[in-house]
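Biologist: Please show me the model and its sequence. I will ask about loops, sheets, helices and the ligand.

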Amino acid sequence: MAFETLLTEEQIAERVKEIGQEISADYAGRTVHLICVLKGAYTFLADLARAMSVPVTIDFLAVSSYGKGKTSSGEVQLTKDLDVSLSGRDVIVVEDIADTGITLSYLLAMLESRQPKSLKVAAFLSKPSRREVEVPVDYVGFEVPDRFVVGYGLDDDQRYRELPYVAVVVD
Ligand code: PRP
């Protein structure tokens, strides 16, 4: 397995800090409820939360998608639900990547029905060329080309999530 670095640790740290500051300015005086979409988003969420200066609460959910990119938006399953109600909360869904948009589209519909005070999305990466479903991504770390990327939470068959940088797998 060979890797080509796409985003260095320094580039990531700088951008995550910027997003943290942007969110903090947008939510000044409020508490932000961050939802980590397991598993890939755990690294981004941990760094983002520490880059924010407004108070934060954190919850976790997990989804699994089947036939991703090939089938309809119905084929996403919630495999771990949130622990607390979203009612009255300012919620930001934190994702590692928006690819086809199918997962986020499913999640936004489900979370909206729980009547949060507000609902936005932060995605570390976005592959706009892969989008099949239009989804609003309010905060984007980096737009990346349609290449298979690992690291900073993103995996190849559960491996390489721990890499502190983002790499393209070249063979
Ligand atoms: C990835 C990623 C998003 C989804 C994005 O999850 O974390 O949840 O795919 O793809 P989409 O926009 O095409 O729906 P994955 O199924 O790889 O699980 P993981 O987070 O546990 O790695």
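Biologist: Where is the place of Asp-157?

Modeller: This is a predicted model, where local features need pLDDT of at least 70, side-chain atom pairs count only at pLDDT 80 or more, and totals for chains, interfaces and linings use all residues. Residues are numbered from 1 along each chain as its sequence is written, and side-chain values use heavy atoms, with hydrogens and water left out. Phi of Asp-157 is positive, near 50°, and the residue is not glycine. Strands here are DSSP runs of E of at least two residues, helices runs of H or I of at least four, numbered from the N terminus. Asp-157 sits in the loop between β8 and β9.

Biologist: In what order do the three strands of the open sheet with β8 and β9 run?

Modeller: Two strands pair if DSSP finds at least two bridges between them. β1 (3-7) and β8 (149-150) are the edge strands, each pairing on one side only. The pairing is antiparallel and the order is β1-β9-β8.

Biologist: Which residue in β9 is the bridge partner of Leu-7?

Modeller: β1 pairs with β9 (residues 166-169) in the antiparallel sense, over four bridges. Within β9, Leu-7 has as its bridge partner Val-166.

Biologist: Why is one side of β4 and of β7 left without a neighbour in the sheet?

Modeller: The open sheet of six strands has mixed pairing and the order β4-β3-β2-β5-β6-β7. β4 (76-80) and β7 (139-143) stand at its edges, so one side of each has no neighbour in the sheet: each has a single partner strand.

Biologist: By how much are neighbouring strands of this sheet turned against each other on average?

Modeller: Axes are lines fitted to C-alpha atoms, for helices over the stretch in contact, and angles run from 0 to 180 degrees between N-to-C directions. For this average, direction is ignored; the turn is 30°.

Biologist: Which residue in β4 does Ser-64 stand opposite?

Modeller: Strand β3 (residues 56-65) and β4 pair in the antiparallel sense over four bridges. Opposite Ser-64 stands Gln-77.

Biologist: At what angle to β5 does α3 run?

Modeller: Contact means heavy atoms within 4.5 Å. α3 lies across β2 (32-38), β3, β4, β5 and β6. Its angle to β5 is about 165°.

Biologist: Which residue does a cis peptide bond join to Leu-38?

Modeller: Omega of this bond is about 0°. The residue lies in the loop between β2 and α2 (42-50). Leu-38 is joined to Lys-39.

Biologist: How much of the ligand's exposed area does the protein bury?

Modeller: Polar contacts are pairs of N or O atoms within 3.5 Å. A polar side-chain atom of Glu-95 lies 2.6 Å from a ligand oxygen, and one of Asp-155 lies 3.1 Å from a ligand oxygen. Taken alone, the ligand exposes 500 Å² (Shrake-Rupley method, 1.4 Å probe). The protein buries 86%.

How values were computed
Polar contact = N/O pair within 3.5 Å; in protein donor to acceptor, adjacent residues only side chain to side chain.
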